[in-house]
Amino acid sequence: MERKYTILAVLLIILALGLVILPKKKEQKEIDPKALLSAVVEKSRYLSVDLVTHRIIENDPTLLLIDLRTADQFKLFALPGAVNIQPDSLLTATTLELMNQPGKDKVLFANSDLISEKAWLIATRSSVNRLYIMKGGMNEWFNTIIKEKPINSAASSSDLDLVSFRNAARQFFVGASETTNTPEKPKVKEKVQVIRKAPEASSGGGC
Amino acid sequence: MNPFIKSNKIWLSLLGLAIIIVLLAFIFRPEVIHYQISANESVKLVNDQSIQVDIKDIAGKQVIDIRSTELFSQGHAENAINIPIRKLLDDESIEFFNQLLEDGKEVVLYGSDELEAVAPSLLLQQLGYKNVKQLSGKITETGDFKVSELASTEVSVIDTAAMRVKTEIKKADEITPVKKKREAVIPVRQEVTSGGGC
């Protein structure tokens with residue numbers, strides 16, 4: 001064997017040793033802690049209940065709602081299209097497969113923010129991207145969208161738009177019977193003036 | 001010069017260079033912070049209430065204010081030190097957390113609201129700082145602590161009776177499908193025109 005091949009072999013062995021020194025690649029891809037902390041600071045990971053509601057009504061195909069409440073609460077009422085996942089099964093193969101669907105915005109929510117905040121951190125650590133939290137959870141959603149609130153007389157046009165959107169959303173989720181914030185106007189019987197048509201002359205022929 | 005070295009000058013210099021690169025990469029490798037708890041283990045922390053500390057229990061613990069420096073300067077808790085959330089994993093901060101861990105001192109994080117400290121404390125727990133907890137409360141503008149009940153807000157306030165309205169209507173529709181009655185078609189005879197005419 002030529003000497004140069006021996007040297008080349010030694011060179012490769014040294015480089016291979018270098019690979020041994022490098023840290024092992026973990027089976028499950030994880031985000032670096034510093035990158036995770038940077039993601040924590042980002043406020044864009046929170047979505048308002050109004051925005052989520054708008055996307056539900058629009059039947060947004062990129063929206064995936066992940067409901068972290070108990071199965072009983074989920075059975076009683078759930079947002080359309082929501083999937084119920086218990087926090088302890090957050091990192092099962094099935095859940096990860098669901099959350100790693102490309103092109104989907106995954107929105108976590110529980111009754112409030114505490115559980116979804118923790119779930120967000122753990123799922124983001126496991127490299128789940130496009131993951132959001134519905135700010136305030138289902139309680140905030142119920143208080144904002146379903147519960148009627150009196151309209152402030154000094155409300156701006158944008159506020160009024162928001163109120164009318166919420167009224168429409170309430171109709172969407174609850175039905176027309178539960179809606180209308182504005183007091184009903186008393187029905188005034190309209191006077192109808194009857195104008196009698198004069199009897200027409202018979203069309204009987206004749207020249 | 002040795003004839004072997006002379007004939008393999010290039011290969012030998014490449015070998016030397018490779019050795020130097022590997023050694024330098026090893027010596028100056030960036031200090032990476034590793035998770036000490038696996039992701040699957042950390043799932044258990046979601047429902048763990050023990051990482052929260054009540055305001056009445058913070059005496060003797062190292063209190064860390066994770067708000068911005070500006071907010072900290074406006075008012076903060078007594079004996080609290082400021083490590084803004086973005087700097088929690090800086091080398092200095094990690095050194096400080098390591099020291100506190102060695103000393104066996106408990107650390108309590110707080111922010112503008114209770115939620116602000118939840119994720120950072122959980123992250124530090126996953127990095128092995130089991131002494132790091134989160135305050136069940138927030139700091140007010142006057143620098144006093146205020147109890148906030150984030151955990152209790154996880155109780156559902158949804159009035160399911162109101163929400164059932166639509167589902168019941170839906171079910172009723174499903175049970176009794178409305179069948180369209182076949183409309184009877186009555187042929188209309190064309191009337192003879194009464195119109196006269198010449």
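What you see is a predicted model, and the model scores ipTM 0.73 and pTM 0.73. For chain B, the average pLDDT is 82, with 80% of the residues scoring at least 70. Where in chain B is confidence lowest, and where is it highest? The lowest mean, 56, belongs to α7(B), and the highest, 96, to α6(B). Over residues 169–178 of chain B, pLDDT stays under 50, and the model has one contact there beyond four places in sequence.

I turn now to the strands. In chain B, β5 (residues 132–135) runs parallel to β1 (residues 52–53), to which two bridges join it. Within this pairing, B:Leu135 stands opposite B:Val53. β5(B) is also joined by three bridges to β4 (residues 107–110) of chain B, again in parallel. Here B:Gln134 is the bridge partner of B:Leu109. Between β4(B) and β5(B) the chain passes through α6(B), making a right-handed β-α-β crossover.

Finally, the contact between the chains. Chain A contributes 52 residues and chain B 50. On the side of chain B that touches chain A, at least two residues each come from α2 (9–27), α3 (39–42), α6 (118–126) and α7 (160–175). With nine residues, α2(B) gives the most. By class, this side of chain B divides into 36 nonpolar, 11 polar and three charged residues. Thank you.

Conventions:
Residues are numbered from 1 along each chain as its sequence is written. Chains are lettered from A and ligands numbered from 1 in the order in which they are written. This is a predicted model: local features need pLDDT of at least 70, side-chain atom pairs count only at pLDDT 80 or more; totals for chains, interfaces and linings use all residues. Two residues are in contact if their C-beta atoms, placed from the backbone, lie within 7 Å. Helices (H or I, at least four residues) and strands (E, at least two) are DSSP runs, numbered from the N terminus. Ala, Val, Leu, Ile, Met, Phe, Trp, Tyr, Cys and Pro count as nonpolar, Asp, Glu, Lys and Arg as charged, and the others, Gly among them, as polar. pLDDT is the predictor's confidence in each residue, from 0 to 100. Two strands pair if DSSP finds at least two bridges between them. A crossover is right-handed if, with the strands pointing away from the viewer, the path from the first strand over the helix to the second runs clockwise.
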